[in-house]
Amino acid sequence: MAYLTRTLRAGAGIVISASHNPFEDNGFKFFSASGQKLPDDVELAIEAALEAPLATVAPDHLGKAERVDDAAGRYIEFCKATVGQRISLHGLHIVVDCANGATYQVGPSVFRELGARVTAIGVKPDGLNINRDCGSTSLQALRRAVVEHDADLGVAFDGDGDRTLMVDGNGDPLDGDELLFLIARSKQEHGTLRGGAVGTLMTNFGVEQAFDALGIPFARAAVGDRFVMRVMKERGWELGGEGSGHIICLDKTSTGDGIVSALAVLEHLVERQLPLAEFRQGVEKYPQIMINVPVSGRVDLESSPGLGEAVARAEQDLAGNGRLVLRPSGTEPVVRVTVEGRDEPQVERVARALADVVKEEFS
């Protein structure tokens, strides 16, 4: 939809989608004429207008609905054009999990037309099974299929196709943090990396250190692709993403696109002629523990001197070999206490201690 909105010179694009959630969460996703998600103020204005009395125009002023019959073909060609003309996936056996969602037709076609042998799963949507035990939110089916079919790798999309995760030939998963690193490293080697890469507050500390080791600038944004995009624009960078697999390659397209992101990884994988299990080397993820602490309503974490002291002690304990993040959930009455570092027993001890203080202060 982002692609068609741009190329058809449309005023806006609208998708009915539950994104990476069950079908019960279906809602609307809007794209601007430039193929990007709408700014917060515009979305709030639309929501406010929905509360106003319904106004209509005369029947002779209504618009016309037209079907774009070649939409799939247009998009497939666009996706293929995001990789080099000489890039071929011939010789690769790829399992593609389409989450019974938006990519169920075009996803396998893109990889097949680029020469790959494709085993497709999650390609039988019935309107109710989107993201159900499949796709990027549930990798078990993909991991099994890669091993059972002796495939080279697996690619998983979410329901609306803007996220991608991968599985190597051993059935081991790669999250969005790792894919972001692989794309950035390859672009640096080719001299095409503009600036650096944007992650989020939840990007693994080991990934940040891997960027630092290569001299690639790295910045963190708040959790959410709109915040990643905001930091990318502020810095003039073209690459950003989240651990969930929502990766934005602004040199290729205007928004997060799972197929385009997967091809960005595969393009460099093919160039190196390496299996994904070897290509992924270069980043060591640190042990990470997240504890969800139930709280009573909205909380201001900075209002607690006791918590501030506990955080200071924790940071001193980690001594530069890890980090911590405390943030209230935007959807649940919990505070997420996340700690990561080199030493897993230390990480768990620090996380438990912080969770106890949050519980004491806010439950």
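Select F211: leaving aside residues up to four places away in sequence, F211 touches L180, F181, A184, A197, I216 and F218, where contact means heavy atoms within 4.5 Å. What you have open is a predicted model, in which local features need pLDDT of at least 70 and side-chain atom pairs count only at pLDDT 80 or more, while totals for chains, interfaces and linings use all residues. Residues are numbered from 1 along each chain as its sequence is written, and side-chain values use heavy atoms, with hydrogens and water left out.

**Stop 1**

Buried means under 20% relative accessible area, exposed means over 50%, and partly exposed is in between (1.4 Å probe, protein chains only). Helices (H or I, at least four residues) and strands (E, at least two) are DSSP runs numbered from the N terminus.

**Stop 2: two helices side by side**

Select helix α6 (residues 176-190) and helix α7 (residues 205-214). Their axes come within 10 Å and cross at roughly 5°; axes are lines fitted to C-alpha atoms, for helices over the stretch in contact, and angles run from 0 to 180 degrees between N-to-C directions. That angle makes α6 roughly parallel to α7, as angles under 35 degrees count as roughly parallel, over 145 as roughly antiparallel, 65 to 115 as roughly perpendicular and the rest as oblique.

To see the contact itself, show D177, L180, F181, A184, R185 and Q188 on α6, and V207, A210, F211 and L214 on α7. Sorted by class, this contact has seven nonpolar, one polar and two charged residues. Ala, Val, Leu, Ile, Met, Phe, Trp, Tyr, Cys and Pro count as nonpolar, Asp, Glu, Lys and Arg as charged, and the others, Gly among them, as polar.

**Stop 3**

Two strands pair if DSSP finds at least two bridges between them.

**Stop 3: two asparagines in loops**

Most residues other than glycine have a negative phi. Click on N100, in the loop between β3 (93-97) and α4 (106-113), where phi is positive at about 55°. N100 is buried, with a relative accessible area of 12%. Then move to N131, in the loop between β4 (117-121) and α5 (140-148). N131 has a positive phi of about 65° and is buried at 9%.

**Stop 4: the three-stranded sheet**

Colour β12, β14 and β13, which make an open antiparallel sheet in that order. β12 and β13 are its edge strands, each pairing on one side only, and the twist averages 15° from one strand to the next.

Start with β14 (residues 334-341), where eight of eight residues are buried. V334, R336, T338 and E340 point one way, whereas V335, V337, V339 and G341 point the other way. Seven bridges join β14 to β12 (residues 288-294); here V293 stands opposite V335. Another seven join β14 to β13 (residues 322-328), with L324 partnered by V339. β13 and β14 form a hairpin with five residues between them.

**Last stop: P287**

Is P287 buried or partly exposed? With 24% relative accessibility, P287 counts as partly exposed. P287 lies in the loop between α10 (276-279) and β12. Beyond residues up to four places away in sequence, P287 touches V339, E340, G341, R342, E344 and V347. Finish by selecting N204: its C-alpha atom is 8.7 Å from that of P287, though the two are 83 residues apart along the chain.
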